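These notebook entries record what I looked up, in the order in which I looked.

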Amino acid sequence: MSSRFAPRPTRTTVRGGETPVSTAVPHPPSRSTAHTRSWRPPYALDLGLTLGPLRRGPADPTFRTTPDGSVWRASRTPQGAGTLRVALRAGTVEAEAWGPGATWLLDQLPAMLGESDDPGVFVPRHRLLAVTVHRRPGLRLTRTGLVMESLIPSILEQKITTDEAYRAWRLLVRKYGEPAPGPTPAQARMYVMPEPRTWALIPSWEWHKAGVDNKRASTILRAVARASRLEEASSMAPLEAQARLELIPGIGPWTSAETVQRSNGAPDAVTVGDVHLPGIVGYALADNRDATDPEMLTLLTPYEGQRHRATRLICLSGRTPPRRSPKMRKTNIAAW
């Protein structure tokens, strides 16, 4: 659906990975030296739905969408920093990449756009999910092959509001990351996240100024000290990958699931321990807005093996419980 009749994303649909991507304006040929690749996926593909979960807030310095219908990402790959531009034209993906990590990003392109995902094994057993599958045919689960770029922002999102976590990610990446290589969009100020050693050298007061408490900062420091071992989890089975991540004190099932959903394209990595998700799932499937984690998992039992996909579809369905209490209170530890 396009134009003025397209539904506006809500907070819950954004959580489901909905990122609007324009298709109205063609992208002019790049005037700079870039590695390029064209790839025609043998399935329906929606760039906004597939890559949307990689965006950490509307001002994420590592992710941008532009009016020409392009999605830009700045990543730290095993070969170094890289910038990737992806656009979908007449069913063909056009990609350009810059920087030391350009070749790696282009090699990873099909997996990032859901080539290894198999939505055909998902069988809707609820009318709401059947309708949503029909309305969102381009949804594929991304697999970035990069653990730390999903793990660190997931740690920042522990036990606080998403707005606070997005702010911390934005401030730290802009201050300690490096400018993204290539001709990034004008005024976008895109950055590649810091390398592990740089994260380790961030002073305690800078974490504080970004609103990150000592518990989350310490967890990140423990993770970056073992970054190479954690990155190996991207090639593991999702359960093994989660087990490796959870060896780090401070990383539990919530954080590991949020990470492998993106790095490994894990269709069954359901997020447990979340404040809102059980109520969203319970309300959608059983009209129970007060559902607990065990009740949510019971409702998702018919989708064993595809529970993460089921929860994404529920978030994208538009059926969410009406708000009946104030938002979680924001805290600003930088002002303490």
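**Entry 1: the model.** I noted at the outset that this is a predicted model.

**Entry 2: strand E3.** I asked how many residues of strand E3 are buried. I found that seven of the seven residues, 71-77, are buried, so E3 is largely enclosed by the rest of the structure. I then looked up which way the side chains point. In a regular strand, side chains alternate between the two faces of the sheet. In E3, Val71, Arg73, Ser75 and Thr77 point one way, while Trp72, Ala74 and Arg76 point the other way. Residues on both sides are buried.

**Entry 3: the partners of E3.** I next looked up which strands pair with E3. Strand E2, residues 63-65, pairs with E3 in the antiparallel sense over three bridges. In this pairing, threonine 65 stands opposite valine 71. E2 and E3 form a hairpin with five residues between them. In the turn I noted glycine 69, which has a positive phi of about 90 degrees.

Strand E4, residues 80-89, also pairs with E3 in the antiparallel sense, over seven bridges. Here I recorded arginine 85 of E4 as the bridge partner of tryptophan 72. The hairpin from E3 to E4 runs through two residues.

**Entry 4: salt bridges.** I asked how many salt bridges a search of the whole structure finds. The search gives 14, and I looked up several of them.

Arginine 216 forms a salt bridge with aspartate 213, with the closest N and O atoms 3.4 Å apart. Aspartate 213 is partly exposed, with a relative accessible area of 30%.

Glutamate 232 and arginine 229 meet through their side chains in a salt bridge of 3.0 Å, N to O. Glutamate 232 is partly exposed at a relative accessible area of 36%, and arginine 229 is partly exposed at 46%.

Glutamate 304 and arginine 307 form a salt bridge at 3.7 Å, N to O. I recorded glutamate 304 as exposed, with a relative accessible area of 52%. Arginine 307, by contrast, counts as buried at 15% relative accessibility.

**Entry 5: a network.** Finally, I asked which residues are linked in a network of salt bridges.

Notes: Residues numbered from 1 in each chain as written. Predicted model: local features only at pLDDT ≥ 70, side-chain atom pairs only at ≥ 80, totals over all residues. Heavy atoms only, no water. Salt bridge = Lys/Arg side-chain N within 4 Å of Asp/Glu carboxyl O. Buried < 20%, exposed > 50% of the residue type's maximum accessible area, 1.4 Å probe, protein only. Helix = DSSP H or I, 4+ residues; strand = E, 2+ residues; numbered from the N terminus. Pairing = 2+ DSSP bridges.
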